[in-house]
Amino acid sequence: MISFVEITSIDKDLRDSYHLLGLRTKSISHSSMPSFQEHKEFVQKHPYRYWFFVKLLKESIGTLYLSNVNSIGINLIDEYKDMTEKVLLKVQKTFEPLPPIKSVRSSTFIINVPHDDHQLADTIKRLGGNEIQKTFTLP
């Protein structure tokens with residue numbers, strides 16, 4: 001049974017979310033691991049609409065956020081990547097996207113996928129998702 005448990009700035013959540021961050025093998029948001037203090041400051045800002053631990057029974061298997069621009073960030077531990085589809089289906093059943101704002105927010109949820117995360121891309125496509133853009137950085 002998959003459940004979502006809110007991430008807060010209490011010490012246990014900070015430690016647990018930092019541990020899960022360290023287990024990531026694919027990332028868009030950072031190329032090196034932030035310090036615990038940097039992580040703590042980020043969590044305390046609570047930059048997302050919703051931010052959860054993804055739990056399988058009582059075990060944290062990753063994190064999930066929904067942003068104020070309707071983006072979904074899903075980061076499951078590698079050994080639980082096969083649960084991605086179930087997690088995304090639960091998101092679709094549980095949450096509604098915020099209303100669109102032209103040039104700011106889509107009317108649907110969007111998911112940014114690391115360029116080498118083929119498993120996540122394939123799962124999204126299997127659920128009917130469409131690739132809408134490629135994102136690049138400039139030096």
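In this predicted model, Val 104 is exposed, its relative accessible area being 53%, and it is located in the loop that runs between helix 3 (84-94) and strand 5 (110-111). Together with Val 69 and Ile 101, Val 104 makes a nonpolar surface patch of about 230 Å².

Turning to the aromatic side chains, a search of the whole structure finds 10 aromatic pairs. One of them joins Tyr 48 and Tyr 65, whose ring centres are 3.9 Å apart with the planes at 5°, so this pair is stacked. Because Tyr 48 belongs to the loop between helix 2 (36-45) and strand 2 (50-56), while Tyr 65 belongs to strand 3 (residues 59-66), the pair ties together parts that are 17 residues apart in sequence. Tyr 48 itself is buried, with a relative accessible area of 17%.

The rings of Tyr 50 and Phe 52 are also stacked, since their planes stand at 10° and their centres 5.9 Å apart. Of these two residues, Tyr 50 is partly exposed at 31% relative accessible area, whereas Phe 52 counts as buried at 10%.

| Lysine | Ring below | Distance from the ring centre |
|---|---|---|
| Lys 55 | Phe 53 | 5.7 Å |
| Lys 90 | Phe 4 | 5.7 Å |

Terms used
Residues are numbered from 1 along each chain as its sequence is written. This is a predicted model: local features need pLDDT of at least 70, side-chain atom pairs count only at pLDDT 80 or more; totals for chains, interfaces and linings use all residues. Side-chain values use heavy atoms; hydrogens and water are left out. Patches are made of residues with over 30% relative accessible area and no salt bridge: like charges are joined within 9 Å, nonpolar side chains (Val, Leu, Ile, Met, Phe, Trp, Tyr) within 5 Å. Accessible areas come from the Shrake-Rupley method with a 1.4 Å probe; for residues, only the protein chains shown count as cover. A salt bridge is a side-chain nitrogen of Lys or Arg within 4 Å of a carboxyl oxygen of Asp or Glu. Helices (H or I, at least four residues) and strands (E, at least two) are DSSP runs, numbered from the N terminus. Buried means under 20% relative accessible area, exposed over 50%, partly exposed in between (1.4 Å probe, protein chains only). Rings of Phe, Tyr and Trp (its six-membered ring) pair if their centres lie within 6.5 Å; planes under 30 degrees apart count as stacked, over 60 as edge-to-face and the rest as tilted. A charge sits over a ring if NZ of Lys or CZ of Arg is within 6 Å of the ring centre and within 35 degrees of the ring normal.
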